[in-house]
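Good morning, and thank you for making time for this item. Please look at the display while I go through a selection of local features.

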Amino acid sequence: MGPDDRRAVRRVVVAGAGMAGVQTAVALREQGFTGTVTVIGAEPHQPYDRPPLSKAVLLGTAEGSAFDVDFDALGIELVLGREVTGLRPAGHALDTEAGPVPYDVLVVATGAEPVRLPGAEGVPSVHLLRTLDDAERLRPVLARQHDVVVVGAGWIGAEFATAAREAGCAVTVVEAADRPLAGALPPEVAAPMTAWYADAGADLRTHARVARVEPGTVLLDDGTRLPAGAVVVGIGARPATAWLAGSGVALGAHGEVVADAGLRTSVPDVYAVGDCASFPSARYGERLLVHHWDNALQGPRTVAANILGEATGEAPQVYDPVPYFWSEQFGRFVQYAGHHGAADATLWRGDPSGPAWTVCWLRETRLVALLAVGRPRDLAQGRRLIESGTPMNPTLLTDPARPLKKATTV
């Protein structure tokens with residue numbers, strides 16, 4: 001039996017029907033895979049995109065955000081409303097609540113789940129914003145213009161606060177750290193964003209921790225009582241991998257699947273992609289765990305190529321992207337590319353108190369990351385410069401009138 005014969009009879013099962021799972025199935029077909037492709041999703045809804053949940057879906061300007069994919073035409077089997085419960089690699093079986101599903105190759109794409117606020121479980125007015133059902137439950141809250149308390153001034157907290165202010169709600173954002181985005185950006189970069197909250201009429205309270213949530217009230221640990229018709233929790237997400245316990249699939253410190261450079265796991269015939277998996281980056285010299293949409297879009301192409309390549313004996317493709325994400329908050333379009341952890345210099349383009357500015361991180365004159373606020377051209381050019389590793393001229397780079405691509409040393 002030749003390679004093509006082996007490939008034709010293979011069955012690929014994808015656990016997870018979000019962006020990473022759906023794009024893996026689509027990429028397999030686009031790259032010529034002719035075997036069976038089954039996507040198993042825990043939610044009953046047609047697979048959908050998440051970014052609109054905190055914007056159009058939440059504000060009622062869109063009913064949903066289903067992917068524009070003709071699964072039938074592509075020969076992709078969808079199994080929806082079914083939770084995965086375990087994995088038995090020796091038997092090549094994925095356990096689900098409706099029984100085992102055999103696979104030749106399994107792709108783990110179960111994403112991440114929001115971190116819950118301790119002590120708030122079961123309080124009816126406490127909400128998360130991760131799923132379509134979450135957004136649907138929050139829509140009438142905004143329509144009734146409740147007093148809203150948002151716990152966490154990260155990306156999702158800022159986006160929800162933006163939507164709530166647009167809907168006319170009184171919004172208080174409670175953040176345990178001393179600034180917004182404390183886990184994502186250095187203090188001097190996050191500092192200018194603090195003013196965005198007040199400009200939008202939202203009350204940002206830093207160094208503030210929630211002691212408990214009562215009906216209609218959030219009690220802070222300093223004794224402050226905040227009126228709260230609804231509480232929205234945005235304090236982070238963790239990889240949704242508890243179901244892999246005992247499977248032999250190696251997990252990292254954050255519960256993420258530890259994938260190799262080709263997105264293969266420690267177990268044969270099992271790959272992992274998207275929010276649930278970390279991968280080694282030669283570009284940055286460290287392992288990256290990226291909880292963003294673009295990673296869930298790009299990684300599946302590598303997974304599909306390597307599934308096909310194993311059947312034909314080709315060398316595995318390496319996944320080493322320049323991470324990218326964006327956020328729309330308080331009337332600003334914020335974009336980030338790269339990874340600034342290993343930078344040795346931080347340079348600014350423009351005035352951070354103004355409407356448009358960029359921060360560039362360099363390592364030995366090469367651009368490794370940038371954050372662009374209202375400067376999409378900087379982002380587009382900077383992303384290419386990060387990929388190419390082109391040496392930059394720091395003096396030219398700090399001139400916001402000069403295009404980034406013309407601030408190189410070559």
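I begin with the second largest pocket, whose lining consists of Leu117, Pro118, Val151, Gly152, Val174, Glu175, Ala176, Ala208, Arg209, Val210, Ala211 and Ile235. A pocket here is an open set of points on a 1 Å grid over the protein atoms alone, with protein on both sides within 12 Å along at least five of seven lines, and a lining residue has an atom within 4 Å of a point. The model is predicted, so local features need pLDDT of at least 70 and side-chain atom pairs count only at pLDDT 80 or more, while totals for chains, interfaces and linings use all residues. Numbering runs from 1 along each chain as its sequence is written, and side-chain values use heavy atoms, with hydrogens and water left out.

The space in this pocket comes to about 210 Å³, a volume being what is filled by probe spheres set on grid points joined across faces, edges and corners. Its lining divides into nine nonpolar residues, one polar and two charged. In this scheme Ala, Val, Leu, Ile, Met, Phe, Trp, Tyr, Cys and Pro are nonpolar, Asp, Glu, Lys and Arg are charged, and the others, Gly among them, are polar.

Gly223 sits in the loop between strand 14 (217-220) and strand 15 (225-227); strands (E, at least two residues) and helices (H or I, at least four) are DSSP runs numbered from the N terminus.

How many cavities of 30 Å³ or more are there? The count is one, where a cavity is a set of points that a 1.4 Å probe fits but cannot leave. The volume of the largest cavity is about 40 Å³. Phe279, Val290, Asp294, Asn295, Tyr319, Pro321, Pro323 and Tyr324 line this cavity, and they divide into six nonpolar, one polar and one charged.

Helix 9 spans residues 293-312 and reaches 30 Å from first to last C-alpha, close to the 28 Å expected, the expectation being 1.5 Å times one less than the number of residues. Of its 20 residues, 15 are buried, that is, under 20% relative accessible area, with exposed meaning over 50% and partly exposed in between (1.4 Å probe, protein chains only). Gly313 follows helix 9 with a positive phi near 80°.

Helix 10, residues 376-388, reaches 19 Å, close to the 18 Å expected. Its buried residues are Asp378, Leu379, Gln381, Gly382, Leu385 and Ile386. Those residues pack against strand 22 (324-329), strand 23, strand 24 (345-349), strand 25 (357-363) and strand 26 (366-373). Gly389 follows helix 10, again with a positive phi, near 70°.

Phe330 lies in the loop between strand 22 and strand 23, is buried at 10%, and has a positive phi near 50°.

Finally, His92 likewise has a positive phi near 50° while not being glycine. His92 occupies the loop between strand 4 (84-88) and strand 5 (93-96) and is partly exposed, at 26%.

Notes: Contact means heavy atoms within 4.5 Å.
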